[in-house]
Each structure stands twice: as structure tokens, then as C-alpha cells.
Amino acid sequence: MINTFEQQFRSYSHIAGEIPCNLESGKFITVERISPLKIYSLGFQPAKFIPEIPRWFIQKYADPAFTILDPFCGSGTTLLEAIQQNISAYWLDYHPLSRLICQVKTTVFSPQEIFEATTQIIEKVSTQKFAPSTINFSNKDFWFQQPVQEGLELLREQILLAESSLQPLLWLAFASTVRKTSNMNDGMILAARRSHIEKIPIRSRSDVFQYFQHYVKQSVEAFVEWNPFLKNFKAKIQQLSSQDARQLPELLKVDAIITSPPYINAIDYVWASKFELHWLGLVNSNQERLNLYSKEIGTERIPKQGCKELGKTGYLPLDQLIEEIYYGKKYQATSGQNQLRSRVVYQYFMDMKLHFLQSLQVLKQGGYYCFSVGDVSNICGVEIPVASLLSEIACDLGFNKIFNFNLLLKNRRLNVPRNVNWAGTIKHDTIIVLEKIN
Ligand SMILES: C[S@@+](CC[C@H](N)C(=O)[O-])C[C@H]1O[C@@H](n2cnc3c(N)ncnc32)[C@H](O)[C@@H]1O
């Protein structure tokens with residue numbers, strides 16, 4: 001007997017390679033991807049979108065004089081497309097690790113200089129007896145063996161002495177080294193103390209140095225492929241001074257926004273990148289790391305006060321869902337979780353509303369807003385059709401919906417909410433194109 005998943009899967013159109021510009025609106029598709037350039041996989045970002053989405057948008061809607069913006073830039077997928085198609089792009093992201101990744105991917109690095117700097121670093125760290133102790137954060141000793149801590153400290157010390165123009169790439173290789181040499185199992189996204197953690201091998205300082213060399217080599221290989229694109233690129237990539245998509249510069253003017261906004265309650269990116277944030281010195285204390293949550297749209301870590309109050313967005317279908325979560329009509333969670341999650345949903349849509357208002361200000365007349373978002377989110381048993389709700393809010397503010405399609409996600413490692421039965425629910429990304437009408 002064919003189960004629901006298979007039935008649904010068969011009804012999708014399967015596309016090999018690029019999403020065609022003449023795709024009909026409203027389609028459900030899967031994409032069999034051709035191997036992307038290595039540069040795409042550099043940098044830790046648990047919710048990347050596939051480059052075929054911004055590529056499709058640029059090919060369908062943009063002309064060479066276009067300027068685009070990605071206000072939730074993540075690992076810079078949109079920027080890589082802009083560079084390959086020679087159009088100008090602005091970008092921002094509140095998360096310091098994302099900003100580092102985007103800076104690296106938009107800079108030319110000389111493989112020769114990187115190798116020379118790495119050789120020097122390895123020579124220095126290998127002969128050093130004493131390792132400083134400069135980095136501190138909660139549970140450091142649980143997640144990092146003593147020789148690993150020493151190895152990381154020594155590498156840090158030397159990267160800080162390296163030529164400043166080479167440092168961003170070295171830091172990115174260091175970030176991968178931190179994740180790999182921690183006591184997390186491969187594939188784990190969150191550093192949570194769980195009983196099923198597999199035994200981790202005993203590691204030495206030199207293991208740390210070898211991993212660092214490995215990740216530098218990987219980055220250099222990516223840049224050997226990528227540098228020619230950067231060198232041929234005639235337009236401009238510019239990071240905005242704003243680090244919050246709810247506050248865009250007043251004077252900015254763009255033809256299109258292409259982005260994948262955060263999901264509600266999906267991946268705790270601050271927690272997921274805790275080790276990198278501390279070891280790279282992107283935050284200087286636990287409190288500084290926790291402060292990042294106040295900048296993050298979609299976070300579950302919102303102040304407890306205010307949660308008791310039932311949030312009202314003014315959009316009737318959304319408010320009904322928020323109320324269902326609040327009163328636990330589908331699922332009664334323990335210790336105030338219904339109220340908390342109801343507030344998280346309320347806050348997410350209010351933040352996105354603020355972001356849409358700002359987007360209308362920076363978009364030129366007739367400009368486009370293309371977004372891709374995971375649909376549907378399930379919060380306390382209540383299904384939230386995120387894409388259509390976002391689209392409804394945007395259209396109420398001054399956009400017109402002109403195109404949409406749905407893309408089946410395979411092997412997407414999302415943090416699926418506990419105690420929720422997903423059976424029979426097919427998860428896909430919804431891509432929506434809006435046009436500014438006034
Ligand atoms: C789904 S990810 C984007 C992934 C990206 N498209 C890629 O392919 O790598 C969403 C991004 O939104 C960022 N973000 C969350 N809240 C933000 C805010 N208030 N302002 C700017 N960026 C924010 C997160 O740091 C994350 O990088």
C-alpha cells in the first residue's frame with residue numbers, strides 16, 4: 001500500500017538542474033541538484049537555502065542594472081548568485097558568524113599567501129610548550145578536552161598575529177576546527193548534554209592542528225574555484241551598517257529583496273553556534289552571547305514577562321491560531337509553554353511586519369520581494385502556514401503577490417518540535433514573489 005508521503009511525493013514535478021524561468025505559478029516541485037561550487041558549503045549555517053532559488057529569481061526578474069538586498073544573509077547564498085550573475089547586492093545579518101562567512105565569501109584570497117601563513121602558524125604552535133587560557137564560557141570543560149583547549153588557544157594566538165587581510169579566512173577554518181574538535185558528535189547541531197552522545201576519541205593538540213590545516217586546505221580549494229568569479233565581478237557587494245532587518249537605512253534604494261527569513265522556533269542559531277561565538281571572540285561573555293537573542297527574529301528566548309498576555313496581531317486567521325496555542329486547544333504543554341510559544345508566534349509575525357514595512361521603504365516603485373520559507377510550522381499541535389500568513393501581512397501593507405511555488409525539502413535537518421506527530425505531513429519550502437504596488 002502506498003502511504004501518504006509517497007502519494008504526495010509522486011504528485012510533485014521532478015526537475016533536474018535549474019528551476020526553469022517558465023515554471024508555472026503554484027507548482028509543487030523537487031529539484032535534483034547538480035554539484036554546486038565548493039564555496040557554497042563553507043561556513044556553518046544550519047538553514048541555508050538552495051542557490052537554485054535566488055538564481056531562478058535573478059534570471060527571471062532581474063536586469064543587469066539591478067541592485068538587490070538580502071537582509072537575512074546567513075551564509076551568503078544570495079551574494080554568491082549576485083556575483084555569478086554580475087549584479088550589485090547589499091547584505092546584512094545580525095549574527096556575527098554569518099557576517100564573517102559573508103565577508104570571506106566576497107573577498108579574493110590568494111591560495112599562496114594563505115598556505116604560507118598557515119605553515120608559519122603551524123610551525124609556531126607545534127613548538128610552543130605553554131598555552132594561554134583566554135577563552136571562558138559555560139560548560140567549556142565538558143565540551144572541550146584539555147589538550148584541545150590548549151591547541152585552540154595556541155592557534156588563536158597565532159591567527160591574531162597573521163596578516164589582517166588573511167585573518168577572516170583563517171578564522172573561518174578555525175571555526176570549523178572548533179566544531180570538529182569539540183565533544184559533540186558529527187552531525188549534532190546543538191551542544192546539548194544528552195545520554196546518546198557517542199563516545200568521543202581522546203584528542204591531542206596535534207589533532208587540533210591537523211584539523212585546522214585540513215579546513216584551511218578545504219577553504220583554499222574552494223577559493224581556487226571561486227576567485228575567477230570574484231575577479232570578473234564588475235558590480236558591487238556591500239555590507240550594510242545596520243545589523244537588524246527591522247531597521248534598514250533610510251537612504252537605501254534597491255530593485256529587489258531576495259531572502260530566506262528565519263523560521264519560527266526552528267533552529268536556535270545562537271545556541272548552535274555557541275562554541276564558534278566564544279572561541280572566535282565574537283562574544284566576550286556568556287551574557288554577551290545571550291544578549292544576541294534580543295536581536296534574533298523567530299527566537300524562543302523571549303522575556304517571560306509579557307507571555308501571560310494573549311498577543312493580538314490584528315490579522316484574524318493568525319490571531320485564531322495564536323489563541324489556539326495559548327489555550328492549548330490541540331496540545332497542553334507543561335509549565336507555561338503554551339503561553340510562551342503563543343507569544344513566540346505573535347512576536348515573530350510582528351517582527352516580520354516591521355521588516356516588511358522597512359522593506360517597502362527601501363524598495364523602488366514596482367520592486368520585488370522574493371522569499372523562501374519553511375512551510376508549515378507546527379507549534380503545540382497547531383499548524384502555522386507561515387508563508388501564506390507572511391504573504392497576507394505583506395499584501396496588507398502594500399505588496400501584491402505575483403508568483404509562488406513549493407519546493408520539497410529532502411534531508412533537511414530541522415529541530416522538529418517535540419511531542420508532535422509529523423506522520424503524513426510533507427515539509428516543503430514555499431517561495432513567494434511579491435511586488436511593491438505603491
Ligand atoms: C534561514 S537563515 C538564512 C540562510 C541564508 N539564506 C543562507 O542560504 O545561508 C536566516 C538568517 O536570518 C538571520 N536573522 C535572524 N534575525 C535577524 C534580524 N533581526 N536581522 C537580520 N538577520 C537576522 C539569522 O542569523 C540567519 O542567518
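Predicted model: local features only at pLDDT ≥ 70, side-chain atom pairs only at ≥ 80, totals over all residues.
Visitor: How do strands of a sheet pair?
Guide: Strands of a sheet pair through backbone hydrogen bonds, and the sense is either parallel or antiparallel. Here nine strands form an open sheet with mixed pairing, in the order β1-β2-β10-β11-β7-β6-β3-β4-β5. Its edge strands, β1 (13-16) and β5 (237-239), each pair on one side only. From one strand to the next, the twist averages 25°.

Visitor: In which sense do β4 and β5 pair?
Guide: Parallel: three bridges link β5 to strand β4, which covers residues 88-91.

Visitor: Which strands does helix α15 lie across?
Guide: Helix α15 (residues 386-397) lies across β7 (363-375), β10 (399-408) and β11 (428-436), and runs at about 160° to β7.

Visitor: Which residues of helix α2 are buried?
Guide: In α2 (residues 52-61), the buried residues are Ile53, Pro54, Trp56, Phe57, Ile58 and Tyr61. They pack against the helix α3 (77-84) and the strands β6 (254-259), β7 and β11.

Visitor: Is Ile189 buried or exposed, or in between?
Guide: A count of neighbours decides this. Ile189 has 17 other C-beta atoms within 10 Å, so Ile189 is partly exposed; burial would take 20 or more, and an exposed residue has 12 or fewer. Ile189 sits in the loop between α8 (167-181) and α9 (205-232). Its C-alpha is 7.7 Å from that of Pro46, although the two residues are 143 apart in sequence.

Visitor: What share of the contacts in the chain joins residues 24 or more positions apart?
Guide: Among contacts with a separation of 6 or more, the share is 78%. Of the 438 residues, 41% are buried.

Visitor: How does the radius of gyration of the chain fit a compact globule?
Guide: The chain has a radius of gyration of 23 Å, which agrees with a compact globule, because a globule of 438 residues would have one near 22 Å. Along the principal axes, the C-alpha atoms fill a box of roughly 65 × 55 × 55 Å.

Visitor: Which residues come nearest the ligand?
Guide: Phe72, Gly74, Ser75, Thr77 and His95 come nearest, out of 23 residues around the ligand. By class, this shell holds ten nonpolar, seven polar and six charged residues.

Methods. Residues numbered from 1 in each chain as written. Near = placed C-beta within 6 Å. Nonpolar A, V, L, I, M, F, W, Y, C, P; charged D, E, K, R; others polar. Pairing = 2+ DSSP bridges. Helix = DSSP H or I, 4+ residues; strand = E, 2+ residues; numbered from the N terminus. Axes fitted to C-alpha atoms, helices over the stretch in contact; angles between N-to-C directions. Contact = placed C-beta atoms within 7 Å. Rg over C-alpha atoms; globule rule 2.2 N^0.38 Å.
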